[in-house]
Each structure stands twice: as structure tokens, then as C-alpha cells.
Amino acid sequence: MTDVQTERDVVDVLMTDHREVEAIFVELESRQGTPEHRRRLADVVIAELVRHSVAEEAYVYPAARKALPDGDQLAEHEIAEHSDAERTMKELESLDPSEPRFDELLTQLTATIRHHVQDEEADLFPRLRAACAREELVELAGKVEAAKKSAPTRPHPAAPDHPPANKLLAPGTGLVDRMRDALSGRPTSMRELREKN
């Protein structure tokens, strides 16, 4: 049996995601590499952000609603930011990196996500750690990791973003997305991108 004090909690998992996405943003902002490489980087960052958002909406925001006095308001604010980002990602996923709109949308997405990350790391995450038992946060980490494995990898702005509908529909949508990714050769992680290069 592992010691709950040494296991990663949900905040650790989500902050790791934040750092990975930021590294991809920095590489995209450098505007280095071929248009094909930049397209693949954008595909990876979109997949990472969609998986992360789906997991937060399924497990983290419901926990915030329950644990924090202003949890409903906080969760709705975070979900609204996800919706904004998802609409941007939907448009971005169909653009060629040589189009000027690609960099415009990328700049918009980067700013939205950086603001969102700042909000979560400065407010939501410390408050969740203060309000929830360590065991609950570790359990949430496992649920978030599991949700990311079956989550969609492409933006679906019209998809439900509140339980229980999102928990029921996300795995099926994720399966379809992963099939499309496999058939098209679209990378959805940095590991896959490195393997394809």
C-alpha cells in the first residue's frame, strides 16, 4: 500500500499539465520549424488542453462546488473560460500554419490559457488544498488521470460541460476522436510527436 502523503494529488497532476502546455506554447511562439511541425505542435496542444478541460469539468469543478463556499461561481467562471478556449481551438484546428489567422488564434489561445492557469494556480488550487482532505485530492488525481485517457482529443464546443452528461458522453466522443487521430496520423502528445519526427 502506498503512502497517501507521498502520492501526487490532483493539483500536482494539473500543474504538470500546465507546465507541459506552456512548453508547447513557448515553442509555437518561437515560430521555428516547418509549417507541418507547427501544425503538429498545435494539434498536440489542442489535444492536451481538451483532455485537461474535460477532466477538470468532470471531477475538479464538482469538487470545488462542494468544498468551497463560492464553488458554484468559481466553477462556472472556469467553465466559461474553457468554452472560450474551445471555440478558439475549434477554429485553429482547421487552419494551415502559413495563414496569418493561425498565429492570431494561437496568440489568443495562449493568452486565454495563461490567464486561466494563473487563476487556477493562484486561487482555485490553493483553496482546494486547504478545503479538501489529502486523501480526497489524491483520489481526484486518479480520477483525472483516468478521465484524460478516455477524453476527447479534439474540441467539441457544443458538447456538455457539466456532470453527469459530460461524464457519460466524453468517453464515446474520445473514442471517435482517437480513431480519427490514428487514421489521420494526428499526434496527440509530445511523445507521439517525437516518435513521428
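Visitor: How many residues apart are Arg 87 and Asp 84 in helix α3?
Guide: This is a predicted model. Arg 87 and Asp 84 both belong to helix α3. Their spacing is about one turn of the helix, or three residues.

Visitor: What is the N to O distance in the salt bridge of Arg 87 and Asp 84?
Guide: The two side chains meet in a salt bridge. The cut-off for such a pair is 4 Å. For Arg 87 and Asp 84 the N to O value is 2.4 Å.

Visitor: Is Arg 87 buried, partly exposed or exposed?
Guide: Buried means under 20% relative accessible area, and exposed means over 50%. Arg 87 has 49%, so the residue is partly exposed.

Visitor: How are α2 and α3 oriented to each other, roughly parallel or roughly antiparallel?
Guide: Helix α2 spans residues 35–67 and helix α3 spans residues 71–92. They pack at an angle of about 160 degrees, with axes 10 Å apart. Angles over 145 degrees count as roughly antiparallel. The pair is therefore roughly antiparallel.

Visitor: What is the hand of the crossing where α2 passes α3?
Guide: The axes of α2 and α3 are 10 Å apart. The crossing of α2 past α3 is left-handed.

Visitor: Which residues in α3 meet α2?
Guide: The α2 side includes Ile 46, Leu 49, Val 50 and Tyr 61. By class, the contact has nine nonpolar, three polar and seven charged residues. On the α3 side are Gly 71, Asp 72, Ala 75, Glu 76, Glu 78, Ile 79, His 82, Met 89 and Leu 92.

Visitor: Which residue forms a salt bridge with Asp 72?
Guide: Asp 72 is partly exposed, at 46% relative accessible area. The closest N and O atoms are 3.2 Å apart, and the partner is Arg 65.

Visitor: What is the relative accessible area of Glu 195?
Guide: Glu 195 lies in helix α7 (residues 190–196), four residues from Arg 191. The two form a salt bridge, with the closest N and O atoms 3.1 Å apart. Arg 191 is partly exposed at 47%. Glu 195 is exposed, and its value is 55%.

Visitor: Which residues do salt bridges that share partners join into one network?
Guide: The count of salt bridges comes to 27. Those that share partners join a set of residues into one network: Arg 39, Asp 43, Arg 154, Asp 181 and Arg 186.

Definitions and conventions: Residues numbered from 1 in each chain as written. Predicted model: local features only at pLDDT ≥ 70, side-chain atom pairs only at ≥ 80, totals over all residues. Heavy atoms only, no water. Axes fitted to C-alpha atoms, helices over the stretch in contact; angles between N-to-C directions. Helix = DSSP H or I, 4+ residues; strand = E, 2+ residues; numbered from the N terminus. Parallel < 35°, antiparallel > 145°, perpendicular 65-115°, else oblique. Left-handed = near helix turned anticlockwise from the far one by under 90°. Contact = heavy atoms within 4.5 Å. Nonpolar A, V, L, I, M, F, W, Y, C, P; charged D, E, K, R; others polar. Buried < 20%, exposed > 50% of the residue type's maximum accessible area, 1.4 Å probe, protein only.
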